[in-house]
Amino acid sequence: MGQLARTQVRWVVEPLLAAGLTVGEVEALVFRLGFEAVVGSDRGTVAGVHALVAGEPPAVRTAWAVAVGRMIELEPPS
């Protein structure tokens with residue numbers, strides 16, 4: 001399995017960085033998303049994905065929705 005190109009990764013996380021999150025905060029969110037997808041009880045639900053940022057300001061919640069949408073749009077790496 002290949003890895004995403006650096007430009008693809010940047011494109012996915014750019015909305016979160018623009019909303020004011022640090023690289024470390026973005027990494028933590030994406031890690032939590034992956035962790036919940038593997039072991040969470042409501043994995044794969046839209047509510048579960050949005051619950052990860054429920055306590056964040058509106059700009060971050062909006063940026064998260066955009067970033068998750070971009071993750072879904074990506075072609076799998078070859």
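Figure 1. In helix H2, the residues Val26, Leu29 and Leu33 are buried, where buried denotes under 20% relative accessible area, exposed over 50% and partly exposed in between, with a 1.4 Å probe and protein chains only. Because these residues cover an arc of only 65 degrees around the axis, they fall on the same side of H2, the arc being that of the directions from the helix axis to the C-beta atoms. The other side of H2 carries Val23, Glu27, Phe31 and Val38, which are exposed. The cover over the buried residues of H2 includes helix H1 (6-18), helix H3 (46-51) and helix H4 (58-73). H2 itself comprises 17 residues (residues 23-39), which at 1.5 Å a residue should span 24 Å, and its end C-alpha atoms are 24 Å apart, in agreement with that expectation; the expected span of a helix is taken as 1.5 Å times one less than its number of residues. The model shown is predicted, so that local features need pLDDT of at least 70 and side-chain atom pairs count only at pLDDT 80 or more, whereas totals for chains, interfaces and linings use all residues. Residues are numbered from 1 along each chain as its sequence is written, and side-chain values use heavy atoms, with hydrogens and water left out.

**Figure 2. The protein as a whole.** The protein has four helices and zero strands, and from the N terminus on its elements run α-α-α-α; helices (H or I, at least four residues) and strands (E, at least two) are DSSP runs, numbered from the N terminus. Of the 78 residues in the protein, 26% are buried. Among contacts between residues at least 6 apart in sequence, 59% join residues at least 24 apart, a contact being defined by heavy atoms within 4.5 Å. The accessible surface comes to about 5300 Å², of which 61% belongs to carbon and sulfur atoms; accessible areas come from the Shrake-Rupley method with a 1.4 Å probe, and for residues only the protein chains shown count as cover.

Figure 3. A pair of aromatic rings is described by the distance of the centres and the angle of the planes. Rings of Phe, Tyr and Trp (its six-membered ring) are paired if their centres lie within 6.5 Å, and planes under 30 degrees apart count as stacked, over 60 as edge-to-face and the rest as tilted. By this rule the count comes to one aromatic pair. Phe31 and Phe35 form this pair, which is stacked, with 6.3 Å centre to centre and 20 degrees between the planes. Because they are four residues apart in helix H2, Phe31 and Phe35 are separated by about one helical turn. Phe31 counts as exposed at 60% relative accessibility, whereas Phe35, with a relative accessible area of 46%, is partly exposed.

**Figure 4. The buried side of helix H4.** The buried residues of H4 are Val60, Ala63, Trp64, Ala67, Val68 and Arg70. They cover an arc of only 155 degrees around the axis, which puts them on the same side of H4. The face turned away from this buried side carries the exposed residues Pro58, Thr62, Ile72 and Glu73. H1, H2 and H3 are included in what covers the buried residues of H4. At 1.5 Å a residue, the 16 residues of H4 should span 22 Å, and the end C-alpha atoms of H4 are 23 Å apart, which agrees.

Figure 5. Arg70 is found in helix H4 and is buried, with a relative accessible area of 18%. A polar atom of the Arg70 side chain lies 2.5 Å from the backbone oxygen of Trp11. Leaving aside neighbours within four places in sequence, Arg70 is in contact with Trp11, Val12, Glu14 and Pro15.

Figure 6. Val49 lies in helix H3 and counts as buried at 17% relative accessibility. Not counting residues up to four places away in sequence, Val49 touches Leu33, Trp64 and Val68. Val49 and Leu33 are 16 residues apart in sequence, and 6.8 Å apart in space, C-alpha to C-alpha. Leu52 is found in the loop between H3 and H4 and, at 11% relative accessibility, counts as buried. Its contacts, leaving aside neighbours within four places in sequence, are with Leu29, Arg32, Leu33, Glu36 and Trp64. Leu52 and Val30 are 22 residues apart in sequence and 9.5 Å apart in space, C-alpha to C-alpha.

Note on methods: A polar contact is a pair of N or O atoms within 3.5 Å; within protein, one must be able to donate a hydrogen and the other to accept it, and residues adjacent in sequence count only if both atoms are side-chain atoms.
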